[in-house]
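Reader: I would like to go through the terms used for this model and see what each one rests on. Please set the values against the cut-offs.

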Amino acid sequence: DSYKTKYFKELNSLRFIGFIGIFFGHVFFSNSPEIINSKLYATLFSYGKILGFISIDSFFVLSSFLITWKALEEIKFTSEFQLKNFLIRRSLRIWPLYFLIVFIGFLLEYLKSHYFLGSEKLPSLWNFILFILNYDIIENGYNFLFFMVFMWSISVEEQFYVFWAITIKWFNKYLFEISFLIIFISLFFRIYFINDLLSLNFHTASALGNFGIGSLTAILAFKYQHFINKLKSLSRNKILFFYVTIFTFFILMPSLLENDFFIVIQRVLFSIFFSFIILEQTYCENSIFKVSRIKYFNFFGKISYGLYCYHGIMITIVLQISGFLSESLLNSLVIYPILIFVSTLIISHISFRFYESKFLKLKSKFSF
């Protein structure tokens, strides 16, 4: 084989759609009891929260799928997996923006306490440096600077990257079995901690099912051509049926989440749904619609990491401004979300172009 690596052109657009889900999970806020208790606000708020969490899971599935696929390619073309290069590439993508946000957070905390404005004490800096913020949240809750809370999911990703890189390096013959193993570990973990909401949401073991499904999907797509052939020829009706099923589960989520069994399987179930979406968008010839056809989605997907990191800052700023304005349903559900969305797009674009891309250019030096 020549070194022809596969480019998944649909995945950028899927990343952006994933970000939209997370955005809806965070963007509705109000202090007015009248607004909070209105039917429309309450419905959007509760579905937004659900969408936010399952969208973060979709990012876990997507990243696990991609890094497993890339590793399998590297092993196929070069007969080995360069652990050090993998970790350097990941760090060049994640660290520059991550540590910029951490710096902004600690600078803000310093300024607030220095000028006697009072501030919510941030977790120790070591939680951010060592990527273990999710464990601090399980211990102490997340009542600190809003946009810094988001860093928990990057902690989980980083922990998984190190674990998975070591697994690929020395146990790549058993990737299939290990993927199943981590899915079962996450299910058992969720059974054991069924009444501990913080562990269910923020513990890395609880998210292992997402990563396991993502890696299994990559292995299936990479190694089993007959599986891909079946996918390619999937009829439009079957594809539609899958999407209707996913949507139905989402609509029923508020009542399903009252059931312990569903809480246990929820992350794995939605990971299977996301994997189907990745495969359907990438391989199916009878797709109802390919998201990559929306050309802006592709670009927004490229800057989706920035969108994730910056939207919390924009929400924090708009929250401060909203304190001086009159409360209304229109502001809470339409004006503020649009304001936050547009400002997040602008700052993420600037950051990508003038900051992140400088580090991304270095990645090619560490590619195979």
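Reader: Where does Ser 79 lie?

Author: Ser 79 is in the loop between helix 3 and helix 4 (83-114). Helices here are DSSP runs of H or I with at least four residues, and strands are runs of E with at least two, numbered from the N terminus. This is a predicted model, in which local features need pLDDT of at least 70 and side-chain atom pairs count only at pLDDT 80 or more, while totals for chains, interfaces and linings use all residues. Residues are numbered from 1 along each chain as its sequence is written, and side-chain values use heavy atoms, with hydrogens and water left out.

Reader: Why is Ser 79 called exposed?

Author: Its relative accessible area is 63%. Exposed means over 50%, buried under 20%, and partly exposed in between (1.4 Å probe, protein chains only). Ser 79 is therefore exposed.

Reader: What is the phi of Ser 79?

Author: Phi of Ser 79 is positive, about 70 degrees, although the residue is not a glycine. Most residues other than glycine have a negative phi. Phe 131 also has a positive phi, near 55 degrees.

Reader: Is Phe 131 buried or exposed, and where is Phe 131 found?

Author: Phe 131 is found in the loop between helix 5 (125-129) and helix 6 (133-140). Its relative accessibility is 6%, so Phe 131 counts as buried.

Reader: Why are helix 1 and helix 3 called roughly antiparallel?

Author: Helix 1 (residues 9-26) and helix 3 (residues 39-78) pack at about 150 degrees, with axes 6 Å apart. The axes are lines fitted to C-alpha atoms, for helices over the stretch in contact, and angles run from 0 to 180 degrees between N-to-C directions. Angles over 145 degrees count as roughly antiparallel, under 35 as roughly parallel, 65 to 115 as roughly perpendicular and the rest as oblique. Helix 1 and helix 3 are therefore roughly antiparallel.

Reader: Which residues meet where helix 1 touches helix 14?

Author: Glu 10, Leu 11 and Leu 14 of helix 1 meet Ile 277, Ile 278, Gln 281 and Thr 282 of helix 14. Contact means heavy atoms within 4.5 Å.

Reader: How do you know that Phe 274 is buried?

Author: Phe 274, in helix 14, has a relative accessible area of 16%, so Phe 274 is buried. Leaving aside neighbours within four places in sequence, Phe 274 is in contact with Ile 54, Asp 57, Ser 58 and Val 61. The C-alpha atoms of Phe 274 and Leu 62 are 8.1 Å apart, although 212 residues separate them along the chain.

Reader: And what makes His 311 buried?

Author: His 311 lies in helix 16 (residues 304-322). Its relative accessible area is 0%, so His 311 is buried. With neighbours within four places left aside, its contacts include Phe 19, Phe 150 and Ile 340.

Reader: What is the largest nonpolar core, and which residues have the most contacts inside it?

Author: A nonpolar core is a set of buried Ala, Val, Leu, Ile, Met, Phe, Trp, Tyr and Cys residues joined through side-chain atoms within 4.5 Å. The largest has 70 residues, and Tyr 98, Ile 101, Met 148, Met 151, Ile 154 and Ile 340 have the most contacts inside it. Apart from it lies another core, of 31 residues, among them Leu 11, Leu 14, Ile 228 and Phe 270.
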